[in-house]
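Please have a look at the sequence and the model first.

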Amino acid sequence: MVLNRKNKLLIGLGLACLILVGKLFSIQILNDKFKEEANRNAMVYDIIYPTRGVIYDRKGDILVGNKVAYDILVSPFEVGSFDTLTLASALGVDVEFIRAKMKGYHKTKSRIGNRPVVMIKQVPPETYMKFEELQYKFPGFTGQVRSIRDYPINAGGNLLGYVSEVDANFIKKHEGEYSAGDYAGKTGIEAAKEKDLKGEKGYHIYLRDALNRIQTPYRNGEMDKEAIPGKNIMTTIDATLQQYGQELMANKVGSLVAIEPSTGEILTMVSSPGIDVEMLADIGHHYSEIVNDPYKPMFNRAVQASYPPGSVFKLVNGLIGLNEGVVTPSTSYPCNYGYYYSSDRKLGCHGHKSPLSFSEAIMMSCNGYFCYVLRSILENKRYKNFTEAYNKWREYVLSFGLGEKLGSDFPSELGGNVPSSAYYDKLYGKNRWRFPTIVSLSIGQGEMGATPLQIANLCATVANRGYYYIPHIIKDYEDQTIDPKYKEKRYTMVDTLQFQKVINGMWLAVNGGPGSGGTAVASAIPGLDLCGKTGTAQNPRGADNSVFICFAPKDNPKIAVAAYIENAGFGATWACPIASLLIEKYLRGEISEERKYLEQYVLEGDLMSKVKTD
Amino acid sequence: MYSPVQRKAKQTIDWKLVICYLLLVIIGWVNVIAASHSTESINVFDFTARYGKQLVWILTSFVLAAIILFVLNPRLWEVISIPIYLFVVLLLVAVIFLGTEVKGSHSWFTLGPVRFQPAEISKIATSLVLAMVMGRPGFKLSDSKSFFLICFIIGLPMMVILAESETGSALVYLGFVFMLYREGLSGWLLVFVGISVLLFILTLTISSYVAVLTLAGIAALFYCLDSGKMKVFFLLCAPSICLLAFVPGFIQKLELQFSPFYIVSAISVILIPYLALRSFRKRERQGWIAIIVYLVGCLLVVSTDFIFNNVLQDHQRKRIEVLLGMKDDPTGIGYNVNQSMIAIGSGGLSGKGFLQGTQTAFGFVPEQSTDFIFCTVGEEWGFLGCCVVILLYFFLIYRIITDAEDSREGFTRIFGYCTASLIFMHLFINIGMTIGLMPVIGIPLPFLSYGGSSLWAFTILLFIFISLYRQEKKYY
């Protein structure tokens, strides 16, 4: 071929065609980006939101249900001129609100493109109906059904937790599971059981044109997906009891936990002050109010606050002493307003008879007696040295579910604290600490901490005579079974036979009769064999905390309760009546006439001013 | 008797060209159907729909083709070329004042239900006049008087069309360069245009500094190539230019308030007089050329920079920016191209099938049956379909060029090259635009795009050439 001008031009023509073909090859064959964008262009995913699972109480009453609300969507692309005044009145909002919104959309028009955006969230059906009648006047405005949470009874705000729209962080954290506009449980049961409750979104796929007019269902809808509703779950909560507990705890700071000893099911769990379900339903509006509340209503004290257990811990020391053989039911110790752990230092006690026996010491909550007990445990010659004895003691304590997380199904549970020997070694130096150093552990004070849930579990353990089930809040329901670990008995290291001896003391503490010296005689419920142990835990911030654990009936117990009231003084003054009223309500269904005065006293009690909030 | 060979029509007509034409027109119609149907059923004879109208245009084109082939005397074209040309220029001017405004340009006449664009006919008229003038015996393009005459013939309608703000159609006139090249225009002109385009793009996309460095490299290459000093180029010029390329980076790192141009200017001020002196003494032509290339190039870079930033209006600037990929703007000016590339790209190897395209059918691509008809081809027929169409065009142009070369008459040859150049320009700009190689310039794809005046114009253009060629075949 001669390279004349004709051929040069033909070569040029060939090259130009090759350039075109090359570019076509790159965008049609090599690059998938355009195919994806084409799909995104032409398909409209019409999302169908699933209804969230219902949360039932143990009797099948609805704690959390669903109700219908409507989001008002607007496609700024399709909106022509319309009467803002009519729209505002139909939707029950301010005219300025709509004007401002429309102005905002106009500004971000290119970013919005031709998809609809949410203008108003969760409009109630009554309002939506008004809007629907006039909808034809407002092209571009549509409604979208959303199911939102509904709370038929005010029970267990803190337990249930709230549901709210996911934010960017949440979406990022749960890669691929959520997209903007979805709701998710953020706290409590809603968060813990989110996977079951949320269900699966569905969608209809439509083909649309460039003006976003829906043309036809894509492939006649065969690719569509129906929404799968969330699974319903049943909690162990007794709604009536929970509600009553909340009433009793009104205007007090603290926790009230009730467990069914024979199953470990949590019947009631109150953290006060808590969140009303009304606030949960509209968390968006109340959020800052809740966060700024000095009493921290979001803080679930029942599982997150680590308190010194106080005198209720004497039960544990007593049981270890019995098991180790360093004390017997007939062992007597003297106590004269306290126990001298060095020549000039005394751990004080209140006035009671002296000397006293084991069950009397429990009944009257003698501090001195249990100092002797712990000392005998720790200075037991069976062990090589003091540290080994301490470690053994600690092992016993941990077997009661203290010092470590119980492993309940409640999210954000904390474990309290039982100091290890290493901790004291570090604090005082190796082998430089002895019984006098840690004397306050005898009466559940000092470095130790337990959550109200752990204290309630301790009570359930005693009620069961030596074992417990991990306290839990979700029951088996329909096809959902709970973790088998919640159905395993967990025995303490103390022989089950020892428990009866402690229980006798607890029975006397309540039922010893007036003048007997029992610490909780005022809480006796005639006819119900209530067994209890009071506690008065020191609180460095103000008055002592009032503690009471109790279970009933004595034989074959149905309920075990722990009440922990901050800054309320003696165990007997507030915690006892509250716990005993709760038990009476649960076992009898109502409060007997002769105890009505006690109920009134509790309901009217306002201890908020005693609590320091800074 | 003076007629040595009398061949029959069957033998004299270049049927390969005609078949190629018919195939393209039919492909065009099929794609107009796909591009303008909605989900309802298609009635081919629904003349309110675009595909119905296009059928009318196609049938009338066939009639036109037949008239040109069988009724009109091919000699006629040479005779009436000048009157037609003058008439068309008149029309082009008149349309500015009397025409209907369509999308911001006054380039359409409305006659009852029919609208037509004089610019389409002016391409034919210009081609005819060019063929007539240049085909005369003794015409020499190197003669400056003739050269300016040709420039005037091409430039006059081009300027008027520019005044109608039909930039796209005006741009097509640049295609005559290919014909001129064939007829003896210096190849340097093409090189010059190429370098200008390169500098233009570099100035806008990277920086004028890089453009100037590239220019220096080209000038040095010219000089060294011409005087056989390639060693100097590779050992001295290329490394020093590379080194200079890093200067702006250093300046930025050291945070100096200092333009890298100062260094380049200083070097230029020393080197240029030195080179000039040397060339003068040794009477070296190469030195002077290098200096001129460098200085003219610098002027181009500076003026590009200045015009782009100070003269052009915002929307023009935006178009160039989007084309050169300087700004990504899928919702604004880049929307068309983006959507068109999505449509074509989504076609894949073999396409989605006739009427199965979602992008074109649902109107994502604007102007989809006219300027963006190729999107439908790309989406519904895929890479293979695109290749077939491009191959058909290649064959068509190739065939026109070989036929033109085959011809013994200057008029036929030059008219053939004009036809080939015009079809090529339309083809390359239009398809290039739909796949993002070219800016969005609203010109139709010959034979495929919906629209009567474009189809008619290209039919007339092609069939004049076929009839000219045929006439030669008849008698020689």
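Between chain B and chain A there are six residue pairs in polar contact, with both residues at pLDDT 80 or more, a polar contact being a pair of N or O atoms within 3.5 Å, where within protein one must be able to donate a hydrogen and the other to accept it, and where residues adjacent in sequence count only if both atoms are side-chain atoms. The elements that each give two or more residues to chain B's side of this contact are helices H8 (176-182), H16 (335-345), H17 (358-361), H18 (373-406) and H19 (410-434) of chain B, and H18(B) gives the most, with 13 residues; helices here are DSSP runs of H or I of at least four residues, strands are runs of E of at least two, and both are numbered from the N terminus.

This is a predicted model, so local features need pLDDT of at least 70 and side-chain atom pairs count only at pLDDT 80 or more, whereas totals for chains, interfaces and linings use all residues. Residues are numbered from 1 along each chain as its sequence is written, chains are lettered from A and ligands numbered from 1 in the order in which they are written, and side-chain values use heavy atoms, with hydrogens and water left out.

The contact, meaning heavy atoms within 4.5 Å, takes 46 residues from chain B and 31 residues from chain A. The area buried between them is about 3,400 Å², with 78% of it from carbon and sulfur atoms; buried area is the accessible area (1.4 Å probe) that two parts lose on being put together, summed over both. Zero salt bridges are found across this interface, taking a salt bridge as a side-chain nitrogen of Lys or Arg within 4 Å of a carboxyl oxygen of Asp or Glu.

Elsewhere on chain B, a nonpolar surface patch that includes Val193(B), Phe200(B) and Trp288(B) has about 890 Å² of accessible area together. Patch residues have over 30% relative accessible area and no salt bridge, with nonpolar side chains (Val, Leu, Ile, Met, Phe, Trp, Tyr) joined within 5 Å and like charges within 9 Å, and the areas are Shrake-Rupley values with a 1.4 Å probe, for which only the protein chains shown count as cover for residues. H9(B) supplies the largest share, six residues.

Finally, the backbone of chain A: the loop between strands E19 (545-552) and E20 (559-565) holds Pro553(A), joined to Ala552(A) by a cis peptide bond with omega about -15°, and also Asn556(A), whose phi is positive, near 55°.
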